[in-house]
Amino acid sequence: MNFDWTNMASAMHKVFMPLVAILASSLLTLNSANAGSVSRIDTSDSQITVSFDGLVEGASAFSLVGPDRIAVDIKGGKAGARGGRATGIIKSVRQGQYDPDTARIVFDLDRPAFVTAGKFSADGKSLKLQLQLVGRSEIRNGRKSFLPPLNFRAEPPTKRYSVKVPLGKPQDEVSLPKIYGPDDDSRPLVVIDAGHGGHDPGAISPHGSQQEKNITLAISRALRDQLVASGRVRVAMTRETDKYLVLEERYGIARRLDADLFISIHADSAGNQAAAGATVYTLSEVASDREAAKLAARENRANIINGVNLGGANRDVSSILIDLTQRETMNVSADFAKLLVREGQRMIKFRTNPHRFASLVVLKAPDTPSVLFESGYLTNKEDVELLSSRTGQSKVAIGIANAIEAHFARKLAQR
Ligand code: ZN
């Protein structure tokens, strides 16, 4: 199975997930009970004979150089228990199950050779291959195929299962959320993004009692309430319930609402239980340190479920070029991050060097100033107690709200 997500991405300028991903095809092969197993392998300088205890569908052989090898694939066959005896130019023989339907035998060679011809016996139970020594440059990558006589050929598997797992309801775009606050379009709009949600819990505290997705939602609600109470800005949330959104949908909401600021709320975890305090991340293709790069890898993984990348567009986020609009947006984001540290520190305990840079997908909106706020560590005792308490959540919310209001007051003064 090989989805080409990058092609899909080009068709979507706001990226939304395909709804059903086929997670596995040909998971099972039937008829395997009837498949012939490799029962014996005989070799000489010019010939290989592979014998089976039952019927197989066919075989193919190809040569490899450096190290020199010949590989023989037996379709509809099972690998046998023993490797086989090596003689002449064949140094060793190995075999194994390449996939549920194919046994592979590898002959390690003294010098380069290839299979010139091959033939199944009349009863289909053995295959003779003719070898020819050649110069290394004469080895070509082609594969030669051989079929047993029609009456002695195993049937290909009649049934292959595909498993389809529905990942969501069909919809082109997630619906836009409610806007809280004054009914006045001239007021700045802040979009708060509670990280993770649904099947994606995010970080989990050591005993599993706290999940990041719940803490981020609680802090986001507290922040919304704080901002709405002061009445200076309008507020929307990417999610208000325990639901899953891919990263592009999160900033996509901010873009569609033409938001003035996007703030994604998270909580981190670390192997070191002493790690504590908040960090503010803004976008950069170059991570400020190794830890920031690792954090980006962790947070960007939110787009992947069951091995399928639902985000699509930014498979390799670091290779995306940042255009000029985005550069301007990044400057505003960085200014806000500094302000958040300065204004927030009365209420929020930050780490040393609290403003860091990382290639985070959720911050990729080219035209919306965006920050990702890691509120603390679920692996730290004090942090998790604080972040899971109402008091702690509202302290964090007040700290962020103060910074948001200072940010827009400053912008207003600059006009
Ligand atoms: Zn997170």
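User: Where is the place of Arg239 in this model?
Analyst: Keep in mind that this is a predicted model. Arg239 sits in the loop between strand S14 (234–237) and H3.

User: Why is Arg239 said to have no salt bridge?
Analyst: Check the distance. A salt bridge needs a side-chain nitrogen of Lys or Arg within 4 Å of a carboxyl oxygen of Asp or Glu. For Arg239, the nearest side chain of opposite charge is Asp242, and that one is 4.4 Å away. The cut-off is 4 Å, so 4.4 Å doesn't make it and Arg239 has no salt bridge, even though Arg239 is buried.

User: What does the side chain of Arg239 reach, and what makes that a polar contact?
Analyst: The side chain of Arg239 reaches the backbone oxygen of Gly195 at 3.0 Å. The backbone oxygen of Ala194 also lies 3.0 Å from a polar atom of that side chain. The limit for a polar contact is 3.5 Å, so a pair at 3.0 Å falls inside it. Arg239 touches His196 as well, along with others including Lys213 and Leu245.

User: How do you know that His196 is buried?
Analyst: Its relative accessible area is 5%. Buried means under 20%, so His196 qualifies. Its phi is near 65 degrees, a positive value in a residue other than glycine.

User: And what makes Asp258 exposed?
Analyst: Exposed means over 50%, and Asp258 has 61% relative accessibility, so it counts as exposed. You'll find Asp258 in the loop between helix H3 (247–256) and S15. Asp258 has a positive phi too, about 55 degrees, although it is not a glycine.

User: Which residues have the most contacts inside the largest nonpolar core?
Analyst: That core has 38 residues, and those with the most contacts inside it include Ile192, Leu223 and Phe373. Helix H7 (residues 390–414) supplies the largest share, seven residues. Apart from this core lies another one, of 26 residues, among them Phe262 and Met330.

Methods: Residues numbered from 1 in each chain as written. Predicted model: local features only at pLDDT ≥ 70, side-chain atom pairs only at ≥ 80, totals over all residues. Heavy atoms only, no water. Core = buried A, V, L, I, M, F, W, Y, C linked by side-chain atoms within 4.5 Å. Buried < 20%, exposed > 50% of the residue type's maximum accessible area, 1.4 Å probe, protein only. Helix = DSSP H or I, 4+ residues; strand = E, 2+ residues; numbered from the N terminus. Lys, Arg positive; Asp, Glu negative; His and termini not counted. Polar contact = N/O pair within 3.5 Å; in protein donor to acceptor, adjacent residues only side chain to side chain. Contact = heavy atoms within 4.5 Å. Lists of a residue's contacts leave out its neighbours within four places in sequence.
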